[in-house]
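Please read the notes below with the sequence and model open.

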Amino acid sequence: MTDQYASTDTTSWYQQQLDEERNYVARLYERLDTLRNEKKQQLVRIQAQGLQGSYQNQSERDSFASLYQDRINQLDAVDDRLVFGRLDTDDAVARHIGRIGLSDNQHTRILVDWRAPEAAPFYQATAANRQEVARRRHIMMSGRTVESFEDDVLTSTESAQASQALLSAVSAPRTGAMGDIVGTIQREQDEIIRDEMRGVLVVQGGPGTGKTAVALHRAAYLLYTYRDRLAKSGVLLVGPSEAFMNYIDQVLPSLGETGVVMRSLGNLYPGIEARPETDHAAAEIKGRSVMQDVITNAVMLRQRSIPETTWVTVDGIRLRVRPIQIRRAIGHARESGKPHNQAREVFVDHMVRTLYDQMRDIVSPKREDGLVNKADRSYLRQEIRQSREVRKLLNLCWMPLTPTGLVDELLSRPKYLVDAAPMLSATEIKTLLRAPGTPFTEADVPLIDEAAVAVGDLVSEAGQGSKKAQQRNLDTAEAALENMHYTLEDIGVDGVVTPEMLAAAQEPETTWASVADRAQRDRTWTYGHVIVDEAQELSHMQWRMLFRRSPLRSFTIVGDLAQASGADPSTDWGSILEPFAPNHWRLAELTVNYRTPERITQAAAQVATAAGRRVTTPTALREGDHDPELIRTTVEDLDKVLVTAVDQQFQSFPDELIGVIAVGEDYSKVHQMLEKIYPGQVWTGTGRRRDRNIALVTAQESKGLEYDAVIIVEPQHVVQQDGESVGNLYVAMTRATQTLTLITTALTNQLPAGLRDIQAKNF
Ligand SMILES: Nc1ncnc2c1ncn2[C@@H]1O[C@H](COP(=O)(O)OP(=O)(O)OP(=O)(O)O)[C@@H](O)[C@H]1O
């Protein structure tokens with residue numbers, strides 16, 4: 001790997017270089033500590049000023065306090081393994097690369113942020129295209145200590161080999177939380193991370209190719225490169241489940257970035273925490289594009305006329321209301337093109353005018369001009385509007401709606417659903433129906449979002465007020481910026497502070513970094529960029545919801561079509577994305593599996609292809625030491641076999657994480673059994689894993705996650721439960737970083753075809 005290693009002086013040369021690196025890195029930490037102390041002192045000083053001064057002074061102080069605190073948090077977050085690389089160029093310039101950029105007190109750059117253009121050759125230079133790099137050095141740290149280093153001399157052809165840094169990163173025991181890969185990002189990954197922000201970028205890659213890692217590092221890269229633009233609008237990162245979001249939630253903070261809104265599909269609608277979907281048939285129907293028409297119909301069915309002429313009394317005067325009048329008012333309101341709740345105002349105004357005309361004819365003494373005077377007119381209109389009978393009638397015809405109320409009613413009232421969904425069959429209607437008040441599931445969320453667009457917000461004055469307040473804050477912040485005596489460099493991560501950041505800081509109960517915070521509370525927020533992970537899973541309706549969140553269509557979409565659940569998954573990204581971004585997306589591919597060793601990857605691919613699924617099997621970085629193991633047993637002995645498998649794993653690799661994957665009834669039985677035998681050791685996928693060595697998850701939940709040892713209980717049930725599809729089994733098998741064990745009570749001919757060839761052990 002290095003020519004100097006071959007020399008006789010290797011040891012002394014290496015030791016001398018190591019000492020130099022240690023001294024340099026010590027200097028970097030010294031600078032980091034100085035900066036952190038400065039910020040802490042500035043924070044203390046500003047807090048000590050307390051509540052003195054005008055409102056504007058106070059809010060300026062609060063803004064700066066938040067900025068200082070944010071900077072302190074960032075410096076804390078990057079403390080561990082601050083630096084990981086060094087580049088030496090042909091003209092003998094050395095550049096250290098780290099999690100953030102640092103300058104010394106003479107403003108000389110001493111550490112280059114990994115996202116800066118000068119750091120790009122660290123990831124991209126090859127022997128064939130050196131980009132003026134003579135040597136790339138990987139610096140291995142433990143906390144603040146330089147443990148070792150490894151050099152790539154780019155004049156040597158050997159540099160094409162995987163670095164030791166990469167091999168040790170991918171072979172390390174898993175902790176249950178994803179870590180960053182900033183020190184070992186590979187070239188094909190880096191190209192995607194640094195791709196321009198514009199348009200829709202689709203990243204297709206087999207299991208373990210680093211799609212999630214790339215998505216997260218791209219989020220950090222975009223925030224760094226387009227900070228001023230994204231500070232106003234934010235970045236949204238969407239993942240498949242809460243378990244997955246917990247798994248990845250430490251990566252961006254470890255890169256010093258906290259400004260990304262991270263949401264699972266079930267939590268995308270503010271205020272709703274939807275349950276995972278268990279009824280796959282219902283979920284499939286709810287995801288179809290026709291559901292947009294169903295929602296539109298459901299809203300229109302709540303705009304209805306009366307069956308026959310009726311009467312209302314206002315101020316003791318009886319007024320006649322005919323169906324045609326209501327129909328006309330409805331037509332008029334619909335023509336306004338406004339959402340239901342806003343159009344209701346048009347409807348009500350129209351009806352009030354109609355009733356007023358009648359009333360005027362009755363109450364006004366006939367005058368030459370035929371009009372009552374202005375005061376009478378507004379009094380009469382007010383009376384009509386406030387009359388209980390009129391209100392009741394108009395509500396009956398055009399009731400204000402909430403999106404959640406509409407979806408709940410739609411899915412629990414058979415007649416309503418039948419009327420709104422004439423395009424669905426009786427069986428499909430039956431599949432959708434459920435009891436009123438049933439908690440919402442993930443597949444309901446896009447319907448609620450669709451309904452929210454169709455019904456609009458409930459009309460209230462409050463919203464207008466808060467918009468005005470925001471504008472006021474923005475104006476104040478712009479003025480504040482002009483008046484600042486502080487240098488910009490002193491304040492922010494990169495010395496860039498926009499009026500919007502300061503305005504956000506002045507919002508009551510928010511901090512400056514909380515553009516993200518406000519974004520996730522606002523359904524109508526449009527993000528500067530949206531990143532979607534495990535994107536192969538999304539239904540048409542879920543895509544609609546996401547594209548609404550970025551009308552500029554700036555997306556990074558990562559996924560693997562072969563890992564999709566269900567019997568009839570899409571087989572090309574074009575058919576998924578064309579309705580939303582016609583001719584507007586580009587495809588990149590990842591080709592190396594960093595997680596699963598070759599032997600397991602091949603077995604998983606065999607299962608998928610034997611079932612007719614098209615998979616692009618990535619090249620696995622490691623061959624692996626163990627073949628996948630299939631254990632055949634009986635229903636009576638299943639528990640015993642499982643415990644033996646778990647015990648063996650514990651004994652051989654006590655630090656490793658075991659993932660047990662089971663579905664349906666197997667899951668419940670296995671859960672009970674594991675809890676009994678390993679009390680306090682079992683983590684069930686939801687919530688954060690705390691020092692537990694056994695994770696029990698369903699195949700669906702295992703998407704995106706990984707374990708050192710994977711044990712799949714009754715693989716044939718995983719296939720059955722997935723609508724006789726191998727998608728989830730393929731996913732489950734590719735979660736392993738070291739070993740894979742499948743335990744089954746099925747006869748050979750009941751096993752999925754691709755598993756039959758694995759040499760089985762009988763127990
Ligand atoms: N360049 C790299 N350096 C070190 N580790 C890497 C690198 N790329 C990926 N990995 C590791 O490989 C594993 C798989 O990565 P990741 O989960 O991002 O893959 P994925 O393509 O999203 O997988 P899947 O589709 O199967 O869920 C992770 O542990 C990740 O940290």
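1. Helices (H or I, at least four residues) and strands (E, at least two) are taken as DSSP runs and numbered from the N terminus. On that basis, the protein chain has 29 helices and 23 strands. The model is predicted, and local features need pLDDT of at least 70, side-chain atom pairs count only at pLDDT 80 or more, while totals for chains, interfaces and linings use all residues. Residue numbers start from 1 along each chain as its sequence is written.

2. A residue is called buried if 20 or more other C-beta atoms lie within 10 Å of its own, exposed if 12 or fewer, and partly exposed in between, with C-beta atoms placed from the backbone. Of the 763 residues in the protein chain, 43% are buried. Two residues are in contact if their C-beta atoms, placed from the backbone, lie within 7 Å. Among contacts in the protein chain with a separation of 6 or more, 73% are between residues 24 or more positions apart.

3. Helix α1 (residues 10-48) spans 56 Å from its first C-alpha to its last over 39 residues, close to the 57 Å expected at 1.5 Å a residue; the expected span is 1.5 Å times one less than the number of residues. The buried residues of α1 are Val25, Leu32 and Lys39.

4. The shell around the ligand consists of 23 residues, with Pro207, Gly210, Lys211, Thr212 and Tyr594 coming nearest; a residue is near if its C-beta atom, placed from the backbone, lies within 6 Å. Helices α4 (164-171) and α6 (211-225) each supply at least two residues of this shell. Because domain 2 (200-269 + 523-593) and domain 5 (598-762) both give residues to the shell, the ligand lies between them; the domain bounds come from an automatic or database assignment.

5. The UniProt annotation "binding site", from an unreviewed entry, covers Gly205, Gly206, Pro207, Gly208, Thr209, Gly210, Lys211 and Thr212. Such annotations may be inferred rather than shown by experiment.

6. Thr209 lies in the loop between β7 (200-205) and α6. This residue is buried, with 28 other C-beta atoms within 10 Å. Leaving aside neighbours within four places in sequence, Thr209 is in contact with Leu590, Thr591, Val592, Asn593, Tyr594 and Pro618.

7. Gly210 is also placed in the loop between β7 and α6, and is buried, with 27 other C-beta atoms within 10 Å. Not counting residues up to four places away in sequence, Gly210 touches Ile181, Gln189, Leu590 and Tyr594.
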